[in-house]
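Let's walk through this one together, a question at a time. Have a look at the model first, then read on.

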Amino acid sequence: MNDTRIAPSILSADFSKLGEEVRSVDAAGADVIHFDVMDNHYVPNLTFGPIVCSSIRPHTKLPIDVHLMVEPVDALATEFAKAGADLISFHPEASSHVDRTINLIKAQGCRVGLAFNPASPLHILDWTLDKIDLVLIMSVNPGFGGQSFIEHSLDKIAEVRDLIDLSGCDVWLEVDGGIKVENIASIADAGADTFVAGSAIFGATDYQDVISQMKSEIE
Ligand code: DX5
Ligand code: ZN
């Protein structure tokens with residue numbers, strides 16, 4: 001298994017002290033900061049915009065992995081790139097021209113990912129895998145933290161792992177939703193290398209303890 005990464009989702013952080021929370025998970029061994037953007041249009045929830053991204057940017061040197069659950073995508077993607085995002089993932093269903101949106105994000109100097117909902121087919125990867133840096137497999141329906149892992153995601157993860165390995169492309173395989181210490185090993189066995197966890201990390205009293213437990217489960 002090549003590099004693996006733990007990506008705490010700040011959706012489950014204490015928003016009254018977000019900068020401190022980002023510093024804490026950074027110090028606790030996180031590898032990426034996962035930043036869930038929801039617009040109450042593409043998903044039935046509303047979170048935060050580019051201004052919050054720029055306010056947490058000085059608090060960590062870790063990559064900020066922006067997950068856009070928004071429609072349309074292009075204007076907000078540009079704003080998040082300016083706000084300091086390192087990676088920007090979007091849902092292909094939310095863009096009317098996926099190839100153009102991929103190019104737009106890359107033109108801002110950001111790495112780009114495609115996010116697939118539990119029922120979304122993977123065939124769009126036939127024409128995009130060689131252009132992207134990350135495939136994000138949703139193991140819950142997007143919109144909320146604290147949901148249960150959807151078991152059929154394991155088959156989808158294995159399928160994407162085969163596609164990436166066959167392509168020879170350097171693409172992260174990120175899984176997002178319902179990841180806990182108890183199930184992360186099976187998700188890694190299926191082929192994931194990047195693990196988003198919100199409630200499992202920010203719901204714990206000791207961030208370092210839970211992150212190191214997750215890391216030992218996937219090593
Ligand atoms: C859901 C988000 C996930 C979520 C993960 O739409 O994309 O990143 O915050 O939270 P947990 O780990 O609690 O399922
Ligand atoms: Zn997410």
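Rings of Phe, Tyr and Trp (its six-membered ring) pair if their centres lie within 6.5 Å; planes under 30 degrees apart count as stacked, over 60 as edge-to-face and the rest as tilted. This is a predicted model, where local features need pLDDT of at least 70 and side-chain atom pairs count only at pLDDT 80 or more, while totals for chains, interfaces and linings use all residues. Residues are numbered from 1 along each chain as its sequence is written, chains are lettered from A and ligands numbered from 1 in the order in which they are written, and side-chain values use heavy atoms, with hydrogens and water left out.

Q: Which residues do ring pairs link into a cluster?
A: Searching the whole structure turns up four aromatic pairs. Some of these ring pairs join up into a cluster, and its members are Phe15, Phe35, Phe48 and Phe80.

Q: Are the rings of Phe35 and Phe48 stacked or tilted, and why?
A: A pair of aromatic rings is described by the distance of the centres and the angle of the planes. For Phe35 and Phe48 the centres are 4.6 Å apart and the planes sit at 55 degrees, so the pair is tilted.

Q: How many residues apart in sequence are the parts that Phe35 and Phe48 tie together?
A: Helices (H or I, at least four residues) and strands (E, at least two) are DSSP runs, numbered from the N terminus. Phe35 belongs to strand β2 (residues 33-38), and Phe48 to the loop between β2 and α2 (50-56), so the distance in sequence is 13 residues.

Q: What is the relative accessible area of Tyr207?
A: Tyr207 forms an aromatic pair with Phe202, edge-to-face, with 75 degrees between the planes and 5.4 Å centre to centre. Phe202 counts as buried because its relative accessibility is 8%. Tyr207 is buried too, and its relative accessible area is 15%.

Q: How far from the ring centre of Trp172 is Arg5?
A: A charge sits over a ring if NZ of Lys or CZ of Arg is within 6 Å of the ring centre and within 35 degrees of the ring normal. Arg5 lies over the face of Trp172, and its distance from the ring centre is 3.8 Å.

Q: Which residues are the protein donors of the zinc ion (ligand 2)?
A: Donors are N, O and S atoms within 2.8 Å of the metal (3.2 Å for Na, K and Ca); water is not among the atoms, so sites may look incomplete. The protein donors lie 2.1 to 2.3 Å from the zinc ion, and they are His34 (NE2), Asp36 (OD), His67 (ND1) and Asp176 (OD).

Q: Is the site of the zinc ion (ligand 2) octahedral or irregular?
A: Four donors count as tetrahedral if all angles lie between 85 and 135 degrees; four count as square planar and six as octahedral if opposite donors are over 155 degrees apart and all others between 65 and 115; anything else is irregular. This site has six donor atoms with angles of 71 to 177 degrees among them, and it is octahedral.

Q: How many residues apart in sequence are the parts tied together by His34 and Asp176?
A: The donor residues of the zinc ion (ligand 2) follow the spacing H-x1-D-x30-H-x108-D. His34 is in strand β2 and Asp176 in strand β7 (residues 172-176), so the parts are apart in sequence by 142 residues.

Q: What is the relative accessible area of Asp176?
A: His34 counts as buried because its relative accessibility is 0%. Asp176 is buried as well, and its relative accessible area is 7%.

Q: Which residues come nearest to ligand 1?
A: A residue is near a molecule or strand if one of its heavy atoms lies within 4 Å of it. There are 20 residues around ligand 1, and those that come nearest are Asp36, Gly143, Asp176, Gly198 and Ser199.

Q: How far is an N or O atom in the side chain of Ser199 from an oxygen atom of ligand 1?
A: A polar side-chain atom of Asp36 lies 2.7 Å from an oxygen atom of ligand 1. A backbone N or O atom of Gly198 also lies 2.7 Å from an oxygen atom of ligand 1. For the side chain of Ser199, the distance is 2.5 Å.

Q: What is omega for the peptide bond that joins Glu71 and Pro72?
A: Pro72 sits in the loop between β3 (64-69) and α3 (74-82). Glu71 is partly exposed, with a relative accessible area of 34%. The bond joining Glu71 and Pro72 is cis, with an omega of about -5 degrees.

Terms used
Buried < 20%, exposed > 50% of the residue type's maximum accessible area, 1.4 Å probe, protein only. Polar contact = N/O pair within 3.5 Å; in protein donor to acceptor, adjacent residues only side chain to side chain.
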